[in-house]
Amino acid sequence: MPVQFDPEIPWLPLLIGGGALVALGVRLAWLGNRDLPRRRRLTLAALRGFALLGIVALFSNPGRWETETDPSPPGWGLLLDHSASMAVTDGLDGKTRWETGADFAERLLSGSSHPESVRSHLYDVALGPLWSPGNRVPSNLAS
């Protein structure tokens, strides 16, 4: 795939401003080295011009640009803690931490515009099975 350009600045201002920058830089390099011999002045001015051309080329943002091939988003992951600490009753309205978290997850899923793209998993030490809003109490928290 060939190199493509994708400048952040539109092409016309980039070319006009870049040309002016190179011309001004070369002119100032020429005037700043008056006490040098003509050949050396020309060499230094040319080097300054090439350096400024390189900077302008970088502003054109060269690269190999690829577009996203998958039009659908990858989805979301929702992890619900079902460790033993979630059985503690210090949640909202005297609920356990698990009940408070599950209520929040249910509200989150019901408010989602694409709930089918959300994968909800239980976890404690390792990733557990899929969770659904109907699964209110995990087996390790059941009394």
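Trp11 counts as partly exposed because its relative accessibility is 40%, where partly exposed lies between buried (under 20% relative accessible area) and exposed (over 50%), using a 1.4 Å probe and protein chains only. This is a predicted model in which local features need pLDDT of at least 70 and side-chain atom pairs count only at pLDDT 80 or more, while totals for chains, interfaces and linings use all residues. Residues are numbered from 1 along each chain as its sequence is written, and side-chain values use heavy atoms, leaving out hydrogens and water.

Let's stay with Trp11 for a moment. Trp11 sits in helix α1, which covers residues 11-32; helices here are DSSP runs (H or I) of at least four residues, numbered from the N terminus. Together with Val3, Phe5 and Leu15, Trp11 makes a nonpolar surface patch of about 420 Å². Such a patch joins nonpolar side chains (Val, Leu, Ile, Met, Phe, Trp, Tyr) within 5 Å, taken from residues with over 30% relative accessible area and no salt bridge. The accessible areas come from the Shrake-Rupley method with a 1.4 Å probe.

Now for the charged pairs. A salt bridge is a side-chain nitrogen of Lys or Arg within 4 Å of a carboxyl oxygen of Asp or Glu, and the count by this rule is 2. One pairs Asp90 with Arg97, with 3.0 Å between the closest N and O atoms. Asp90 is partly exposed at 45% relative accessible area, and Arg97 is partly exposed at 32%.

Asp103 and Lys95 also form a salt bridge, their closest N and O atoms being 2.5 Å apart. Here Asp103 is buried, because its relative accessible area is 16%, whereas Lys95, at 30% relative accessibility, counts as partly exposed.

Note on methods
Patch = residues over 30% accessible without salt bridge, like charges linked within 9 Å, V, L, I, M, F, W, Y side chains within 5 Å. Helix = DSSP H or I, 4+ residues; strand = E, 2+ residues; numbered from the N terminus.
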